[in-house]
Amino acid sequence: MSEPVIKCENVYKIFGANAEKMLQESNGNVDAKTFQDNGCIVGVNNASFEVSKGEMLVVMGLSGSGKSTLLRCISRLTDATGGKIFIEGQDLLKLNNKELIDLRRNKMGMVFQSFALLPHKTVVENIAFPLQIKGIKTEDSISKAMDMVKLVGLDGRENYFPRELSGGQQQRVGIARSLAVEPDIWFLDEPFSALDPLIRKEMQDEFLRLQEKLQKTIMFITHDFDEALKLADRIAIMKDGIIEQLDTPAKIVLNPATEYVRKFTEEVPREKVLLIEDVMDTSNTENVGDLKVSKDEVIENVAEKILSQEKSVAVTDENNKVIGSINPTKIINTVFGGRKNSN
Amino acid sequence: MDYLKKYPKLFQWLFLLIIFFALCFSIDVPETYKFIRGQAEFVKDPNQSTYVFLGKEVRYYAFDVFWRLPPLLGWLPIWINDSLFFLMNEWMPMEFWNEDTQEYKTRPLVLEISRTLTSFMTFLIFLIRETLLGGLETIVAFTSWDWIDKNPWAELPGLPWTIVAAGFAILSYKLSGKGLAIFAGLVMVYISIFGQWKPSMQTLSFILVAAPLSFIFGLGLGVAAYKSKRVEKALYPILLVMQTMPQYAVLVPALVLFGVGDHAAVIITMIVAVPPMILLTLLGLRAVPPEVIEAGRMSGCNNWQLMTKVLIPTARRDILIGVNQVIMVCFSMAVISAFIGAKGLGFNLLLALNQLNIGLALEAGLCISLIAILLDKMSLAWANKQTDYFGNLTFYQRNKNSLFFGASVIIGIILAYVGTFIFKDTFNYLFEVPHNKGISTADFWNKGVDWIFDTFFVYIKAFNTWLIVEVLQPMRALYLRMPAVATLVLVVGAGYLIGGIRSALVVFALTLFIALSPWWDRALVTTYMATFGVIMSCTIGFTVGTLCFQSKRAAAFMLGVCDIFQTFPSFVYLIPVMMLFGITDTSVLIAVIVYATIPATRYTIEGLRSVPAGLHDAATMSGVNKFQRLTKIEFPLAFPHMMLGLNQTIVFALFMVIIGAFIGTEDLGQYILKALSDKNGAGIGLTLGICVAFIGLIFDNLIRTWVGQRKKHLGID
């Protein structure tokens, strides 16, 4: 298996005057309460994970859970207090200022919650900004930026100023800017949180479309569990700086690791999240009816069909081979049943 | 008792007042005590005590320490003087090449620096002044007088006034639009027609040198303070003192260091104008959203790129508001600098006031006010200007303003040339209307003043006498009757009750400095005048503000009026009051009241406006009437902001009281004025300035601390 693009090992971020000393003394057992009594605030507590190429990791947590701090450690907008972070095998914390700037100019792009556009530059100038900072000639950077303008669907507005655009349009500029240098790693810090629900949905779909095309390695921060479920390859749920659970959306919904995670999953419409694959019975492939469903179908789409059957329904893989079955009761249990899963 | 338990603070304040009055009554006025008038302390008197500190002999009238503290800091001004003298004349002598005599000469370092700086400033001022008005000095600077004698044609011709006026109008149009352009044009035409062109351009050239330099230094220091906590901490106390230091007082040391004239005034103006620039730069940079900075960082900016391409452009508006402040401070300094020989409108104003020619003074004052309003509006328009997208512009559309200016230059030159034929025997009015050759309304005003005096003299005099005898004298006597110890207890106690031990220590230190200086009595007089002014101003300001707030249009109108009045240099206010009340304390106090009412009114309206609309609606739905809403909702919430207004009112009042010395008062200002004409006045002037600044800072500290707590308590920011 290839080297993970982002790799974190026991990352800590603690704010406060003598944070480093206290972290050393604690031997990795960081208790937020004791730290707080000593005037330190724990932002990220022992985070370890990997993100592989082309994967989208969504970090979900409520405000104050340390999710943004974690992202800022990995983009080194703030220095982690302890632990190791590797970007494509490079030790991030050992880079000097010049190497760090180089890395940001070529490998990283970031989108911000409040868009963070430069108010004195037009749309196209904003998008060209990272290119110009790199030292690319003005005409080249502008023509490249124009490609980005088209990519995010803002053609015709390239000479507007940010204040003349709506929130959704502004964030499109933010996205285009972060993609201008063609980074491998894409950080998105609650990019859609400041938008209206309808615009948010539209932007999410747009985002998925872009990602399908670009296949970036993504760290996406959100406080919206539904958004996380919709976008993520894997979700990390954070609370008080600790990653409570890191898994695929389906596994999180089916097997919440802690009480805290379970609270999020309770309200989730499972039929919209889970695939047939997630709930099928692999032991029974024989005693099935004529109807077949693909394992990659979302439950919601096939539920009606399955519920109209009396027998179990065969589940097939991409080669149309039967790999399991699912009976109507299971569907009913999954959708309406008790939240404790009887897998 | 229940009442006291419910309001413990009230009880503490009562207790403080009781101690204060007990001290006042228990400490008698010493029999030998009298308010020392005029030059008395410079006359050797056998009744005086002396002490020697650091080799400086200090003489003073000794009293019981409870009554007046001995002036233990009396050596400070003398020491400052000697140090300055030493620095200028003896410290670090070095060899310097002298261009004129073609030889090396030994000169002290500071003197050489001061002379170099001075000649550089003089060059800059003349360069701009002669571009506007014409002259020889700039060409001489590059060549020599001999060369000029041989080539008499070599003289900067100066711009015809029509071109400058057109330039102002076009610039105003570019910054704001038609309205301001018309105003700018009218102001320029007025200045020219009324024969104030030359002094106005002199003042303008002064600003054109002082403002850009102040901007550069202020921006640089502001950026440095933003980047380094240490720099900020080092600058902070200076910024604080400079905010409350009367501009007048810093002129005195300038005399010693840089001599008399425009150059000295420019340098000292920078010292006054840089602090607000630093503050606003810092404020603007701090207000840049953190995500924008992060976006810059993630785009791969290094520190320099981050500052120049992200931070400063994003903070543009605040920085340009700083420029507005710089321009206004420079302008008001340009007027006040007349005291140290800066040419221009201020000089004419001072001259006219000295001759008691109210008509001339009024003309100069009107001119000053008009230019102040124009500069203020122009720089604000610049700050608020935003570029919009208008599609692709043609060459003409993009360069419209430059083209117009080019055309106006040509037309102006042609007009001036034609003028030489029309006005063959007199002055070329199309080139420049000479000073006092324009239309003058001075006689009219002078007659008006005479008429007012003839008609209303009895009433004015009666009012004057009544105010002085019945109100001012007793109030002043009361202030002077306070034993020093009682005052200290009152101030420190107030500090402790408001801000705890920290505040108490700060105000104690500030008060002690004044008490130990030789001018405690004077400081009391300053305080009494300021107090009277502040009480009147606040009463008027709070009332007017509250009344105007009742109607949106009235409030907007009032704020506009405040804006305009605030741009006038404080000195201008003395003209109308002198016109009406002559040279008395009443004049000063009325000027103080008018001037200090501006912030009182402004902050009242702003404070009331800042009450959230939601609360307004909630109150209305609870069925309150207008009066209840005002007293129960709006006043309590607006009160912290109104108290900040009080703070400003105090600073404004202090400034005006000090400047009032020009009319004749017996407070700290009088001594500052005296120090201006004394060649050993630098130390005295500076120490006096610090005393005034400290009076301001005492109130500033108490009010700010209180407001901070109150805002926290109310949960507003």
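**Figure 1. Burial and overall dimensions of chain A.** Of the 343 residues in chain A of this predicted model, 44% are buried. The C-alpha trace of chain A spans about 65 × 60 × 40 Å along its principal axes. The secondary structure of this chain consists of 15 helices and 13 strands.

Figure 2. Domain 1 of chain A covers 52-81 + 95-266, and domain 2 of chain A covers 273-336. Taken over C-alpha atoms, the centres of these two domains are separated by 36 Å.

**Figure 3. Contact between domain 1 and domain 2 of chain A.** Here, five residues of domain 1 of chain A are in contact with four residues of domain 2 of chain A. On the domain 1 side, helix H10 (residues 249-254) of chain A gives the most, with four residues. By class, this side of domain 1 of chain A has five nonpolar residues, with no polar and no charged residues.

**Figure 4. Contact between chain A and chain B.** Chain A provides 23 residues to this contact, and chain B provides 17 residues. On the side of chain B that touches chain A, the elements giving two or more residues are helix H13 (290-298) and helix H14 (303-314) of chain B. The largest share of that side comes from H13(B), with six residues. In terms of class, the residues on the chain B side comprise eight nonpolar, five polar and four charged.

Terms used. Residues numbered from 1 in each chain as written. Chains lettered and ligands numbered in written order. Predicted model: local features only at pLDDT ≥ 70, side-chain atom pairs only at ≥ 80, totals over all residues. Domains from an automatic or database assignment. Contact = placed C-beta atoms within 7 Å. Nonpolar A, V, L, I, M, F, W, Y, C, P; charged D, E, K, R; others polar. Buried ≥ 20, exposed ≤ 12 C-beta atoms within 10 Å, placed from the backbone.
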